[in-house]
There are 4 protein chains.
Amino acid sequence: MRDRFELAPISPAGRRLAELASRHAPDCAARSERHDREGSFPVESLRALQSDGFLAACVPEELGGLGVESVVDYAVGINRLARGDGATAIAVNMHMISGWLNAYIWRSAVARGQEERAARAESILRLLGSRSVVIASVNSEAGTLPHRPRTEAVRVDGGFRVSGHKIFGTLSPVADLFMSLARVKGEAHGDWMGSAVVPRDSPGVEVVENWDALGMRASGSNDVIYRDCFVPEERFVPVGPWGVLGHGFYEFTLTNHICLSAAFLGVAESARALALDHLQKEQKEPRPGPRAQNPLLHPPVAELEIDLAAARATLERVARAADDHFTEHGFGESPEQDLLDVFREFQTAKLFVQRKAIEIVDRAMTLVGGGAYMARHPLSRLYRDVRAGPFMQPFSPNEALGFIARVTLGLAPDDGL
Amino acid sequence: MRDRFELAPISPAGRRLAELASRHAPDCAARSERHDREGSFPVESLRALQSDGFLAACVPEELGGLGVESVVDYAVGINRLARGDGATAIAVNMHMISGWLNAYIWRSAVARGQEERAARAESILRLLGSRSVVIASVNSEAGTLPHRPRTEAVRVDGGFRVSGHKIFGTLSPVADLFMSLARVKGEAHGDWMGSAVVPRDSPGVEVVENWDALGMRASGSNDVIYRDCFVPEERFVPVGPWGVLGHGFYEFTLTNHICLSAAFLGVAESARALALDHLQKEQKEPRPGPRAQNPLLHPPVAELEIDLAAARATLERVARAADDHFTEHGFGESPEQDLLDVFREFQTAKLFVQRKAIEIVDRAMTLVGGGAYMARHPLSRLYRDVRAGPFMQPFSPNEALGFIARVTLGLAPDDGL
Amino acid sequence: MRDRFELAPISPAGRRLAELASRHAPDCAARSERHDREGSFPVESLRALQSDGFLAACVPEELGGLGVESVVDYAVGINRLARGDGATAIAVNMHMISGWLNAYIWRSAVARGQEERAARAESILRLLGSRSVVIASVNSEAGTLPHRPRTEAVRVDGGFRVSGHKIFGTLSPVADLFMSLARVKGEAHGDWMGSAVVPRDSPGVEVVENWDALGMRASGSNDVIYRDCFVPEERFVPVGPWGVLGHGFYEFTLTNHICLSAAFLGVAESARALALDHLQKEQKEPRPGPRAQNPLLHPPVAELEIDLAAARATLERVARAADDHFTEHGFGESPEQDLLDVFREFQTAKLFVQRKAIEIVDRAMTLVGGGAYMARHPLSRLYRDVRAGPFMQPFSPNEALGFIARVTLGLAPDDGL
Amino acid sequence: MRDRFELAPISPAGRRLAELASRHAPDCAARSERHDREGSFPVESLRALQSDGFLAACVPEELGGLGVESVVDYAVGINRLARGDGATAIAVNMHMISGWLNAYIWRSAVARGQEERAARAESILRLLGSRSVVIASVNSEAGTLPHRPRTEAVRVDGGFRVSGHKIFGTLSPVADLFMSLARVKGEAHGDWMGSAVVPRDSPGVEVVENWDALGMRASGSNDVIYRDCFVPEERFVPVGPWGVLGHGFYEFTLTNHICLSAAFLGVAESARALALDHLQKEQKEPRPGPRAQNPLLHPPVAELEIDLAAARATLERVARAADDHFTEHGFGESPEQDLLDVFREFQTAKLFVQRKAIEIVDRAMTLVGGGAYMARHPLSRLYRDVRAGPFMQPFSPNEALGFIARVTLGLAPDDGL
């Protein structure tokens with residue numbers, strides 16, 4: 001099935017990434033059933049993507065990566081990979097976002113002559129560009145939001161001692177490093193938070209192999225527990241005041257979740273392809289010829305296509321808006337209202353795309369019929385996988401509705417979170 | 001949580017059934033997680049329900065049953081049991097429908113002095129009333145509809161040889177008898193079909209333990225294969241001409257699927273209870289007090305309640321209409337347009353209730369949040385279970401839309417099926 | 001088109017009312033276009049209904065009425081009349097509710113030996129039964145809710161002086177009497193409110209002929225202004241403390257709005273009939289034969305039928321629940337939680353029915369095509385009329401969602417109103 | 001209210017057009033209530049737009065226009081104008097599309113050295129660029145689709161005699177010229193159709209002042225009747241074989257309806273602005289401060305914003321796709337599958353945007369409350385205007401669903417139209 005209106009890359013680097021994704025997707029797909037069943041992590045897929053440079057996509061070329069800068073391009077790569085396997089796509093994204101963020105910091109710092117900041121970002125980018133480590137951003141905690149981590153960092157000689165309990169630690173089975181927000185209490189200017197980079201083998205790090213979910217079962221989203229882990233000063237990057245929705249939160253989340261939403265769109269596209277294939281197959285009874293000739297199936301096919309077109313357009317538009325935002329403003333430097341506006345727009349897009357992805361998979365199931373309900377049919381996995389979308393925080397759907405409305409109405413954005 | 005507007009029985013027999021269901025539901029619930037995980041049949045629950053007479057609910061009291069006659073009452077029993085476990089409820093329903101149908105035949109035949117028919121029904125009812133056998137109606141086949149079975153019955157001395165491949169054989173793991181439609185070809189008045197009652201241990205019967213689905217995993221809906229099974233004449237009841245949507249099809253399906261829809265409503269009610277419990281729990285952070293106090297959660301709670309109220313009302317109304325229909329008309333004797341009208345109305349109700357049941361579970365998941373996505377959380381099971389609803393045929397959703405429209409518009413009901 | 005599943009009366013009195021409604025509906029329909037265009041009140045229809053006793057439907061037979069007691073029956077009458085003209089139906093309802101309410105008070109008072117209360121109600125009922133007066137309940141005010149009227153009643157010698165500004169005074173063009181809530185401030189037990197009955201020709205009463213709305217243009221819902229109107233003590237009936245959602249509010253609103261919702265359902269049914277007629281007509285091109293044969297139109301026809309079945313069922317179930325409530329409990333005597341439960345259920349039904357009525361009209365327009373958009377096509381009027389539904393307070397849709405959720409979650413029902 | 005994510009022009013010419021639109025919109029808005037009430041055409045607005053060059057937007061600068069080439073830019077202009085008044089916007093669009101189409105023909109012909117074609121287009125463009133005439137494309141007929149006009153052109157000496165009855169002749173009250181498709185029967189290569197340009201004052205032209213619709217009442221969409229009108233050969237441009245969905249149909253409709261959809265989006269944006277203004281106003285009771293602080297209103301506000309973001313994105317993406325298509329391919333020269341693909345995508349966008357526009361206006365009404373139901377409130381007009389969207393053919397919603405599905409499934413696109 002030709003598909004002229006799929007999301008498309010906008011730069012040569014993006015096209016390389018999309019091509020890589022399309023090449024790996026079938027292998028990811030072939031492994032997806034087993035890992036879903038076992039709840040095991042697709043290590044082979046990860047290693048193949050790592051060695052082909054997919055994981056280093058957002059690292060500048062001169063530092064060893066593919067040089068993808070555009071959020072559109074990055075999202076397209078994740079989107080195409082997710083057509084093979086959604087769990088693999090959201091897992092590798094939790095590594096790639098570090099590359100994207102640090103490349104953005106690096107470009108911004110270089111342009112502004114902020115040497116120390118540039119050097120710190122460059123050192124991380126070189127590490128990521130070496131393709132030798134896997135890093136997982138692990139920020140969720142039970143009962144709170146990322147800008148209010150309960151994980152604590154206590155100052156000690158030469159650094160911090162970090163303690164806390166993170167959940168939804170996607171990619172944790174193969175991560176060499178974890179990156180997590182922690183709160184530093186009681187300092188002169190008030191509580192603040194930093195981003196700690198913690199090697200997996202640090203004393204006090206425990207990855208609890210407890211990921212057992214409805215779907216996205218191959219994503220390895222285990223709990224990660226820190227118990228008095230020592231983190232040296234240079235591995236604890238200040239992010240901003242604790243409890244405040246600031247630039248760090250918005251900029252990281254914006255890109256990260258546009259790409260995660262692209263993964264859910266990819267899951268939906270995969271479901272749609274299964275449905276269209278099913279309809280175009282010949283059948284003998286009750287009516288010979290392809291099922292597609294049954295006009296009663298045309299309205300639901302068309303509704304699926306409408307949902308798909310709208311979801312793609314909405315995601316693409318906000319990814320372009322993110323590109324414009326990051327092109328115009330340096331890291332951490334955009335006017336707050338601009339940032340709120342684009343983040344608000346993104347939250348609308350996120351909700352919309354996730355809802356539509358779920359509806360598309362549901363419509364595909366109905367078009368395929370009872371066979372799609374069997375555990376061995378890929379649609380039954382996609383149905384479980386795609387439902388994870390609305391749980392990808394921040395924000396939860398109800399939080400998002402509140403946030404969108406408050407920003408729209410000029411009220412305090414974080415009131416009620 | 002009090003719930004004054006749940007579906008309620010309308011007769012003493014119905015109240016006894018509802019009470020039995022409510023008593024067994026917690027045990028079914030306690031076993032549901034394990035059987036879902038294993039894909040195993042809840043034999044203990046089945047035996048307990050069998051020995052307490054639940055399975056014989058629709059058998060007249062004088063023949064050993066509870067004497068439930070009303071479709072409303074029967075549906076309420078299934079509904080309440082399904083709040084404990086949906087898979088158990090739809091499985092036992094596939095036994096109970098035989099009781100209901102034969103009791104209807106029996107009452108109708110007695111009233112009309114049709115002695116032979118009365119006697120045949122009575123014999124089955126006595127068997128069912130003895131609580132010693134489990135019978136499973138097994139009628140689905142791949143790529144066709146129940147009124148056009150491909151399973152064939154070939155006349156032989158003293159009866160028929162039946163061969164065919166049935167799917168979705170719910171309850172098969174514990175069924176002592178199977179009841180299946182088969183086609184008799186090439187007779188003088190054209191092809192016709194009959195309902196064969198086949199003991200599980202008949203030569204040529206194979207239950208293929210291949211039920212492995214997204215949800216309703218404990219329902220034992222295996223394939224059942226007949227290979228030249230001998231069925232004596234008296235166990236092969238003529239149903240009508242092959243390929244024709246007739247009384248047998250409509251009357252059986254009407255009651256059977258009202259009760260199956262009641263099961264899906266029960267699944268949704270169970271999801272709703274989990275969500276309300278979750279909201280009413282105290283939390284410490286970020287805001288002390290019950291989550292219920294967050295006004296952003298009120299609109300989605302209310303939407304869930306609206307869906308629930310509408311689904312209950314719609315199901316109840318069509319169950320009442322079925323009661324009226326069966327009270328007014330004897331078995332197989334209603335004017336065709338009356339039957340079409342009530343069946344059309346029922347198909348609207350079936351689609352509506354199944355959709356709403358799915359939406360209610362989905363809303364409940366969103367209200368509970370990420371925890372509901374964990375495999376160990378009952379909501380993640382309910383989410384899988386409830387999606388079976390629209391696959392319960394006849395008809396599939398798209399077939400149903402066509403059927404509803406054709407009858408509404410005065411076109412031939414089976415055109416396009 | 002036969003329609004076996006329309007709402008049906010449940011008693012002989014109800015059948016008489018339904019029959020009357022069906023007899024008058026075509027006349028109302030014939031006048032509807034003109035009154036809609038002019039924004040004028042259908043006085044002829046009102047007088048015909050008045051002289052035939054329709055307006056006195058809920059008055060006991062012995063007091064001159066039809067003796068309709070059941071909310072189901074009353075709603076069926078309004079529903080059938082609304083198929084002719086929605087505006088006429090909601091207008092006459094604002095008279096009939098007084099009959100219903102006073103008959104309920106009267107039966108309750110008689111049964112409990114409350115002689116004074118019985119006598120007062122009987123006097124009003126005799127007046128209504130005489131068919132000589134039209135009374136309009138006029139309770140809406142801008143920016144507040146009915147249980148918090150800003151209209152004030154100041155004690156004077158022999159009665160009260162009432163001042164205030166009511167809006168949405170449906171039926172006002174022909175009302176002989178107005179019945180409105182007013183607040184009495186500063187008394188010993190706190191502010192309270194009473195229901196004033198004010199003759200149209202009382203000094204200080206002004207009916208401002210300003211009703212000019214999107215739809216329901218023939219309902220005469222003008223502003224009614226009271227300027228120091230004298231109301232004698234016996235025409236000012238205490239209702240309860242001001243600002244409290246009490247029995248008076250709930251019981252009146254419950255019945256009143258079930259019947260108003262039935263009117264909107266009737267509007268939708270009328271739209272549906274137009275659509276089905278259109279589809280069943282022969283056309284010559286592009287395809288000869290009835291349009292109904294186009295299978296692409298079948299899914300939307302079926303969706304309309306599903307909406308209709310669900311709306312009818314939901315309305316009927318809550319009307320039955322209201323009947324049960326009023327049968328079980330005397331006027332003002334039901335336990336508060338019971339009342340809240342049934343009122344909550346009713347608010348879910350009201351929202352559901354109004355939404356579905358709007359969707360049905362919309363679907364009908366799409367099925368009919370561009371012709372339905374013409375001002376002269378009745379569907380374009382129905383499209384405007386039906387949108388009034390959600391504005392019929394109490395409550396507005398968003399208030400209703402909050403109320404439903406609060407009662408469901410055990411929070412204070414009026415918090416946030 | 002700032003609105004950073006409104007549709008934006010992409011070229012200097014587009015920015016000039018957008019600026020013009022924004023300048024004229026308030027005047028259009030100021031006149032809209034009167035023309036809506038009267039059903040009269042906003043001649044003043046039309047003249048003002050004409051003299052400011054808005055109507056000549058798509059005419060190349062060297063031929064007297066603004067030089068807008070991009071469909072995005074053209075759509076943005078219509079979108080902004082429609083925020084003032086939708087009827088004015090769809091009316092002027094029926095003139096502007098001639099400019100756009102002829103400019104596309106002209107650029108294409110010039111680039112390919114097709115001198116005659118270039119000259120013919122240039123002559124029309126010079127006329128349009130002179131700002132001295134208004135031309136209305138009038139192609140709808142009852143019971144058929146534009147590629148199957150029943151209007152006939154009979155060859156006579158020096159030209160054709162055209163007879164037929166067109167409906168929905170938007171802009172007709174002020175049109176100097178009409179452009180209409182007519183069928184030429186019985187020629188050697190089969191029936192074909194051409195586009196006749198007919199001066200209003202030609203003998204045999206009658207504009208029947210019968211436009212009287214639910215909404216878009218100021219659009220002057222009268223019937224236009226041709227009775228043996230003589231059209232000289234040079235004013236009858238061949239379009240292609242009669243009854244075939246060909247390039248002419250697709251390319252004209254694509255641009256025309258993207259811009260019409262932009263008008264409906266503008267109507268929705270205007271409704272949204274009214275709702276947000278209402279919510280941000282101070283109120284005194286029942287709760288002081290802006291209504292916006294009521295958290296129960298936040299979910300519906302957010303849903304409106306989600307709809308808006310998705311509608312804008314979907315429209316913008318298809319407008320960009322149209323631009324890409326027209327940039328890549330010359331007039332009438334694109335491969336058929338490419339054209340089908342982009343037209344299919346556009347039909348999904350059209351349905352989506354029109355539905356969402358309707359939903360947005362509906363949500364805005366609910367947020368504003370009962371006041372929005374008054375005839376004098378602009379929302380009650382927007383509610384009527386926006387409903388015209390789905391009636392703007394080709395295709396009707398149900399035709400569109402069939403078309404989208406057929407092209408998606410590789411079936412014949414026009415089967416069933």
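Two strands pair if DSSP finds at least two bridges between them, and strands (E, at least two residues) and helices (H or I, at least four) are DSSP runs numbered from the N terminus. In chain B, strand E4 (residues 177–184) and strand E5 pair in the antiparallel sense over 8 bridges. This is a predicted model, in which local features need pLDDT of at least 70 and side-chain atom pairs count only at pLDDT 80 or more, while totals for chains, interfaces and linings use all residues. Residues are numbered from 1 along each chain as its sequence is written, chains are lettered from A and ligands numbered from 1 in the order in which they are written, and side-chain values use heavy atoms, with hydrogens and water left out.

**Contact between chains A and D**

- Contact (heavy atoms within 4.5 Å) links 45 residues of chain A with 45 residues of chain D.
- The buried area, meaning the accessible area (1.4 Å probe) that two parts lose on being put together, summed over both, is about 4000 Å² for chain A and chain D, with 64% of it on carbon and sulfur atoms.
- On the chain A side, Phe5(A), Arg317(A) and Leu409(A) lose the most area to chain D, together 19% of what that side buries.
- There are 9 salt bridges between chain A and chain D, a salt bridge being a side-chain nitrogen of Lys or Arg within 4 Å of a carboxyl oxygen of Asp or Glu.
- Arg355(A) and Glu303(D) are joined by a salt bridge, at 2.8 Å from N to O.
- Polar contacts join 14 residue pairs between chain A and chain D, both residues at pLDDT 80 or more; the term means a pair of N or O atoms within 3.5 Å, where within protein one must be able to donate a hydrogen and the other to accept it, and residues adjacent in sequence count only if both atoms are side-chain atoms.
- Helices H6 (247–280), H7 (298–328), H8 (336–368) and H10 (397–409) of chain A each give two or more residues to the side that touches chain D, and H7(A) gives the most, with 16 residues.
- That side of chain A has 21 nonpolar, 8 polar and 16 charged residues, where Ala, Val, Leu, Ile, Met, Phe, Trp, Tyr, Cys and Pro count as nonpolar, Asp, Glu, Lys and Arg as charged, and the others, Gly among them, as polar.

**Contact between chains C and D**

- Chain C and chain D contribute 39 residues each to their contact, and about 3400 Å² is buried between them, of which carbon and sulfur atoms give 61%.
- The count of salt bridges between chain C and chain D is 2; Arg387(C) forms one with Asp362(D), with the closest N and O atoms 2.8 Å apart.

**Strands in chain B**

- In strand E5 (residues 192–199) of chain B, 7 of the 8 residues are buried, that is, under 20% relative accessible area (1.4 Å probe, protein chains only).
- Phe178(B) has Val198(B) in E5(B) as its bridge partner.
- E5(B) also runs antiparallel to strand E8 (residues 236–241) of chain B, joined by 5 bridges, and Trp192(B) has Pro241(B) in E8(B) as its bridge partner.

**Strands in chain D**

- Strand E4 (residues 177–184) of chain D is largely enclosed by the rest of the structure, because 8 of its 8 residues are buried.
- Leu177(D), Met179(D), Leu181(D) and Arg183(D) are buried on one side of E4(D), and Phe178(D), Ser180(D), Ala182(D) and Val184(D) are buried on the other.
- E4(D) pairs in the parallel sense with strand E1 (residues 135–137) of chain D over 3 bridges.
- E4(D) is joined to strand E5 (residues 192–199) of chain D by 8 bridges in the antiparallel sense, with Val184(D) opposite Trp192(D).

Notes:
Buried < 20%, exposed > 50% of the residue type's maximum accessible area, 1.4 Å probe, protein only.
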